[in-house]
Amino acid sequence: MSGSSGRGRFGQEEIIFAIAVIVFGVFSVMVPDFLSAGNIVSMVQSVSVLGILGLGMAITILGRGVDLSMVASMSVAIAWMLVQLNAGAPLVQALPMAIAFSVLVGIINGVLVAYVEIPAIFATLAIGVTVYGFGKFFLVESDVNHLPEAWRWLADMVAARPLGVPVPVIAFLGCAAVAHLGLRYLRDGRFIYAMGDNPIAARTTGVPVRVMMVLQYVISALIALLAGLIMTMLVTSMNTRIVSGTLVYDVILVVVLGGISLSGGRGGILSVVVGTLLIGIMLNGMTMLNLTYTAQNVIKALILLLALVLDTLINPRDEQTAQQGDI
Amino acid sequence: MDYKKIVKMGLACAVLSMTAGVALAQDSVAPGYYEALKGKKVGFVPISMGFDLTQGWLAGMQRQANELGYEIIVRDPNWSVESGIQAITSLIEEAPDLLIIQNNDNQSYNRLVQQAAAAGIPVIQVQQSVETKSDAYIGPDWFNIGTVTAQALVDKCGAGTSGKIAVVEGATAAPASILMKAGIEALVAQHPEVKIVSSQAADWDASKAFAITATVLQQNPDLCGIAGFWDVADTGTAGAIREAGLEGKVVLATSGGGSRDAGCAKVTSGEFAVYHSYNVAGQARDLNDAIKMLLQANLPAGSAPFALLSPLVQVTKDNMTPSSCWTLDEIGKTGG
């Protein structure tokens, strides 16, 4: 039940890290200016929102769940906040409402998975669709919601670079550090690993499995909200259309890529950071090489497939604890 | 005769004289104008209902429909081409008097446009057209938008600058994107002092536009200008320019429907240096006119195709007026 994935001589984390180094090396030869300090910062910056989402997803997957509703709850909560701001509400009202919305979504997810015992993949998929539909019907009329000019200073704050490091990068690394320490040293963090490794054993030994499950979905919803806030401040708008895009799969990609096993309990936050960095390097290099959007998607999809194969080879499914409906 | 009866008779007289007036006006100006429109059914299938262009068109069209007593049936595929195909197929079954569709690309709805025509339903294509021409096309001349956008950049990125410009495209399969890019390339080809250093598709998405622009600015710190393809996505492009601390140094020229939030607000804040609006309020008027023309003319579907290309308005900080852009509320009240 260790935090790292290494059971064989090389864990997936190490393999992906090695791939990242190789890809990095190839790009630095192929692409001029790839190695500039500015570009390396930009490389991390462009994937930090993805990375933050990945942290939330990682926590649910480590506890043998998955949260497919992250992007929907994020986009609806943020869009609702923007709708309120545009209607003249103050931030001290709009932001807590968005937080409350996210917490509620997390609780509903958790209750459905923990108490109603619906497999996480179906529960969160359904909740994602429900949240989006509910949001579009009752809370948010338009897909595209702009940050009002009066709150522009918020966007300027996020666009700042204290000590040359972009705020999104600081947020990503800060969240990663908190999540890492929390999972490693807090009792609840160890519980999540225990649950992911073997939920029945965890329960027998006294881990409050159901409560922990609810907690992990609340955490993932709140992390999603934070990622959404940063994303919105960078582009000064939120388009709820991202729900129908591939973002949620990209999030799973960075999590699985780094070596967090979809069967739970294996891998750590470092895996997310490594997975995110590899995607960052790839996207940055492919953009610099002027590859088309379609080509980039194909390459990304192939990498996900490769990561899944590696995951299955390195972390075979445990027949004793795997259940039907698990992913 | 009691009081109620007198009131009733008075009312009856008033109604009679009013209808007579209307009938006179119809006879002398446009025979059958009201009859041609009253009670008709117009199907509308946009790409998605949730954004400024489609909301603006519908607000304007709904206003006229309410006034003239016809119905607009909206089927919202919410960005899904498959749902769009289903929606149009079932609408053709329902046989409305007119069909208005907004294409995602130049292929997906091609056969449906032919099927509708075969079923005798006139089709208006809005904003983007498939290969099959139908009764009407209402939307911009995308090639032209490409050239005017590129011209704005050529004007600002001539001698004394790096002459480097980047293109943040829409979706690679969208005719709008393909034609705008062709327009830009055609104009840049005439100006050797300007060079396109990057051309990437952001899929009409602000976050992707942000990521692409951030990378391109790293690779080309001396970039002079960026040609954006849509205001909504280019809030992300502008965000990346701001984040890189290059606000005011990199010229961003883009285009869009001219909504106040997505367009003029960004010109005021300096994020968009040059903005071309195809004016959704005007397009709503064009749509309404086409609806009235097609329903009155009542010709066999597809027999006399025409286009109403949306006139472009260039908006900059210097020439902007309160009426350069619109809000949804305004179109709903007075537009179309």
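Visitor: Which residues in α2(A) meet residues in α8(B), and what makes this a contact?
Guide: A:G38, A:N39, A:S42, A:Q45 and A:S46 in α2(A) meet B:A211, B:A214, B:T215 and B:Q218 in α8(B). Two residues are in contact if their C-beta atoms, placed from the backbone, lie within 7 Å. This is a predicted model, in which local features need pLDDT of at least 70 and side-chain atom pairs count only at pLDDT 80 or more, while totals for chains, interfaces and linings use all residues. Residues are numbered from 1 along each chain as its sequence is written, and chains are lettered from A and ligands numbered from 1 in the order in which they are written.

Visitor: How many residues does the contact take from chain B and from chain A?
Guide: Chain B supplies 33 residues and chain A 31 residues. On the side of chain B that touches chain A, α8(B) gives the most, with 9 residues. By class, that side has 11 nonpolar, 16 polar and 6 charged residues.

Visitor: Why do β7 and β12 of chain B stand at the edges of the sheet?
Guide: The open sheet has 6 strands in the order β7-β6-β8-β9-β10-β12 (chain B), with mixed pairing. β7 and β12 of chain B each have a single partner strand, so one side of each is left without a neighbour in the sheet. Strands are DSSP runs of E with at least two residues, and helices are runs of H or I with at least four, numbered from the N terminus.

Visitor: How do you know that β9(B) and β10(B) pair?
Guide: Strands pair if DSSP finds at least two bridges between them; β9(B) and β10(B) have 4 bridges, in the parallel sense. B:Y275 in β10(B) is the bridge partner of B:T254. With 3 bridges, β10(B) and β12(B) also meet that requirement, and they run antiparallel. There, B:V315 is the bridge partner of B:Y275.

Visitor: Are the residues of β10(B) buried or exposed?
Guide: B:V274 and B:H276 point one way from β10(B), B:Y275 and B:S277 the other way, and all are buried. A residue is buried if 20 or more other C-beta atoms lie within 10 Å of its own, exposed if 12 or fewer, and partly exposed in between, with C-beta atoms placed from the backbone. Buried residues make up 53% of the 336 residues in chain B.

Key:
Nonpolar A, V, L, I, M, F, W, Y, C, P; charged D, E, K, R; others polar.
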